[in-house]
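Subject: Handing over the structure, with notes on what was found

Dear colleague,

I am passing this structure on to you, and I would be glad if you could read the notes below with it open beside you.

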Amino acid sequence: MKFKYILFDLDGTITESGPGIMNSVAYALEKMGYEEKDREKLKRFIGPPLTDSMMKYYGMSEEDAAKAVRYYREYYAEKGIFENSVYDGFDESIKRLKEQGLILAVATSKPEPFARRIAEHFGFTGDYACVCGATMDEARIRKADVIRYALNTLEITEEEKHQVLMVGDREHDVLGAKENGLSCMGVLYGYGDRKELEEAGADYIAKTTAEVAEIILNA
């Protein structure tokens, strides 16, 4: 096997988190005086840092975007966090990887306290050596920084980086991996598409949760 350490994104990779995130974004936009009639557009918020998305898609200032994120968390912490489910078949893939002795970790742009609550709620905390996420004050929010934090937490050296694979569904997962000198697998069952992932430079593409383990074990 080529890889020893596997870092997994959370939203759109481990869990189908769309409903909770979209409901939280809709709540935040309404509180900020925006009306979004096309709910499909809210899918753009799944994965990337929220502040960036608020500024990019609704032209908010940095200050207003930060305020919108506070409203988002107001809804998310109470309801949205559990409007969520683990993707079908993902548990089976994780079991196969663990049986082969691979070391697994979560690396997500979601604030770490929320990521830990989700892991505990769905009972998969024990599957991962660590659950690494963003900070609530957004000092650590870029995916590259979260990945670097995960690498440090796992005490992975520069010489071991060739044994690490990042798995995620959006371009920022791929770009964050590349910035840290890692290989990356893009998954198509999440919220990104093949074009986005390939253009970002994904080394592998998995169509299904079953293919995630299959590709890793045969790399």
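A residue is called buried when its relative accessible area is under 20%, exposed when that area is over 50%, and partly exposed in between, all with a 1.4 Å probe and protein chains only. Please keep in mind that this is a predicted model, in which local features need pLDDT of at least 70 and side-chain atom pairs count only at pLDDT 80 or more, while totals for chains, interfaces and linings use all residues. Residues are numbered from 1 along each chain as its sequence is written, and side-chain values use heavy atoms, with hydrogens and water left out.

Salt bridges

A salt bridge here is a side-chain nitrogen of Lys or Arg within 4 Å of a carboxyl oxygen of Asp or Glu, and the structure contains 16 of them. One of these joins K43 to E40, with N and O 3.2 Å apart; E40 is exposed, at 51% relative accessibility, whereas K43 is partly exposed, at 32%.

Helices and strands are named as DSSP runs numbered from the N terminus, a helix being H or I over at least four residues and a strand being E over at least two. With that in mind, E179 and R148 form a salt bridge through their side chains, N to O at 3.7 Å. Because E179 belongs to helix α7 (residues 171-179) and R148 to helix α6 (residues 143-153), this pair ties together parts that are 31 residues apart in sequence. E179 is partly exposed at 44% relative accessibility, and R148 is partly exposed at 31%. The two also belong to a network of salt bridges that links R142, D145, R148 and E179.

Another salt bridge pairs D203 with K178, whose closest N and O atoms are 2.6 Å apart. Since D203 sits in the loop between α8 (194-200) and β8 (204-206) while K178 lies in helix α7, the pair ties together parts that are 25 residues apart in sequence. D203 has a relative accessible area of 39% and is partly exposed, and K178, at 34%, is partly exposed as well.

Helix pairs

Two packed helices are described by the angle between their axes and the distance between the axes. The axes are lines fitted to C-alpha atoms, for helices over the stretch in contact, and the angles run from 0 to 180 degrees between N-to-C directions. Angles under 35 degrees count as roughly parallel, over 145 as roughly antiparallel, 65 to 115 as roughly perpendicular, and the rest as oblique.

How do α4 and α9 lie relative to each other? The axes of α4 (residues 90-99) and α9 (residues 209-218) come within 7 Å and cross at roughly 20°, and the two helices are therefore roughly parallel to each other. Taking contact to mean heavy atoms within 4.5 Å, the α4 side is made up of F90, S93, R96 and L97, which meet T209, A210, V212, A213, E214, I216 and L217 in α9. By class (Ala, Val, Leu, Ile, Met, Phe, Trp, Tyr, Cys and Pro as nonpolar, Asp, Glu, Lys and Arg as charged, and the others, Gly among them, as polar), this contact of α4 with α9 has 7 nonpolar, 2 polar and 2 charged residues.

For α1 (residues 18-31) and α3 (residues 62-78), the axes come within 8 Å and cross at roughly 130°, so this pair is oblique. The residues of α1 that meet α3 include I21, V25 and Y27, and those on the α3 side include A68, Y71 and Y72. The contact of α1 with α3 divides into 9 nonpolar, 3 polar and 2 charged residues.

Single residues

A200 lies in helix α8 and is buried, at 14% relative accessibility. Apart from neighbours within four places in sequence, A200 is in contact with E171, V174 and L175.

Most residues other than glycine have a negative phi. E138, in the loop between β5 (131-134) and α6, has instead a positive phi near 65°, and E138 is partly exposed at 25%. E155, found in the loop between α6 and β6 (164-168), has a positive phi near 60° and is exposed at 66% relative accessibility.
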